[in-house]
Amino acid sequence: MALFSERREGIPHLPLHAVLIAFTLFTIYPILWVVSLAFSGKQSLAIATLPENPTFWDRLRAVTPWPESFSVSNFVSVMSDQPFAKWMLNSAIVAIGTTVLGVFMACTAAYAFSRFKFPGQRAGMMAFLVSQMFPGTLMLIPLYIILVQWLGLGSSRLGLIIVYATTSIPFSVWMLKGYFDTIPKDLEEAALMDGASPGRIFWSIILPLAKPAVAVTALFSFMTAWNEFILAATFMDQEAMYTAPVGLRFFVGGFSQQWGYFAAGSIIVSVPVVFLFLFLQKYLVSGLTAGGVKG
């Protein structure tokens, strides 16, 4: 009887599981195509050759993301025959610099908004929030004038780091402030009684307790700089200074379509982000949710 009851309870879940499996396959289908193109060793979107009078199974094979033969030649060519390694290095320098600078400024600003009372505090937070409602391309022309014409930092890693760090600050400040609000002020008051300075309290007590939120903020800043294309394509006009997303566009242009190189480069670009997610995954849930409530 118990076994029959368990079976009856499991039957209604079968349609739900089928729908979830279907949506999962629908989601990963484009990713499987990218992987297949990368390992096909070809530059064409067609990974299977159709006969003159294709049957249903031939057509089904043509849309199945599985190459006829596996090869790593696309990966080898991208890293050896193309300046992709140089572009990856540029992306790494810009992303790491953005993360360090952006997290430092966001942490100090968020701590000030969370703990201190000063004129314009509420207006400043609202300004950060409102700035997130406008598209990033709206700032393209002012940023170009300031960065290239006034500061002379066009086609430089430093200029790109400054732009990425400043554009990521509003979101980072809002997220960090919510987390700092959950840290009891009693800890700081006790440290003050023991003679600790405000700077020592911030570096030795607050930041270690805010590791989850800092990790999420660092991941957000890194991904912002690592994946961004429009600003990098606008400010970088020298091929040696291209970042990886900007370099990828030259594999698929108006005169040539090197889809194999494009797919291989896309996989290479995604690997550092995947490893970073795996490394920081223990902080992600707590860092994203703890700042959402006060208590």
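User: Which helix does Leu129 lie in?
Analyst: Leu129 sits in helix 6. Keep in mind that this is a predicted model.

User: What surface patch is Leu129 part of?
Analyst: A nonpolar one, which Leu129 forms with Met126, Val130, Met133, Phe134, Leu138, Met139 and Trp174.

User: How much accessible area do they have together?
Analyst: About 760 Å².

User: Which helix gives the patch its largest share?
Analyst: Helix 6, residues 121-131, with three residues.

User: Switching to helix 2. What span should it have, and what does it have?
Analyst: Helix 2 covers residues 13-40, so its 28 residues should span 40 Å at 1.5 Å a residue. The end C-alpha atoms are 38 Å apart, which agrees.

User: Where's the kink in helix 2?
Analyst: At Tyr29, about 35°, shortly before the proline Pro30.

User: Which residues of helix 2 are buried?
Analyst: Trp33, Ser36, Leu37, Ala38 and Ser40.

User: What follows helix 2?
Analyst: Gly41, with a positive phi near 80°.

User: OK, helix 8. Where does that one bend?
Analyst: At Ile169, by about 45°, and a proline, Pro170, follows within four residues.

User: How far does helix 8 reach?
Analyst: Its 26 residues, 157-182, reach 36 Å from first C-alpha to last, close to the 38 Å expected at 1.5 Å a residue.

Definitions and conventions. Residues numbered from 1 in each chain as written. Predicted model: local features only at pLDDT ≥ 70, side-chain atom pairs only at ≥ 80, totals over all residues. Heavy atoms only, no water. Helix = DSSP H or I, 4+ residues; strand = E, 2+ residues; numbered from the N terminus. Expected span 1.5 Å × (residues − 1). Bend = angle between axes of the 7 residues up to and from the residue. Buried < 20%, exposed > 50% of the residue type's maximum accessible area, 1.4 Å probe, protein only. Patch = residues over 30% accessible without salt bridge, like charges linked within 9 Å, V, L, I, M, F, W, Y side chains within 5 Å. Areas by Shrake-Rupley, 256 points an atom, 1.4 Å probe, with all protein chains shown as cover. Salt bridge = Lys/Arg side-chain N within 4 Å of Asp/Glu carboxyl O.
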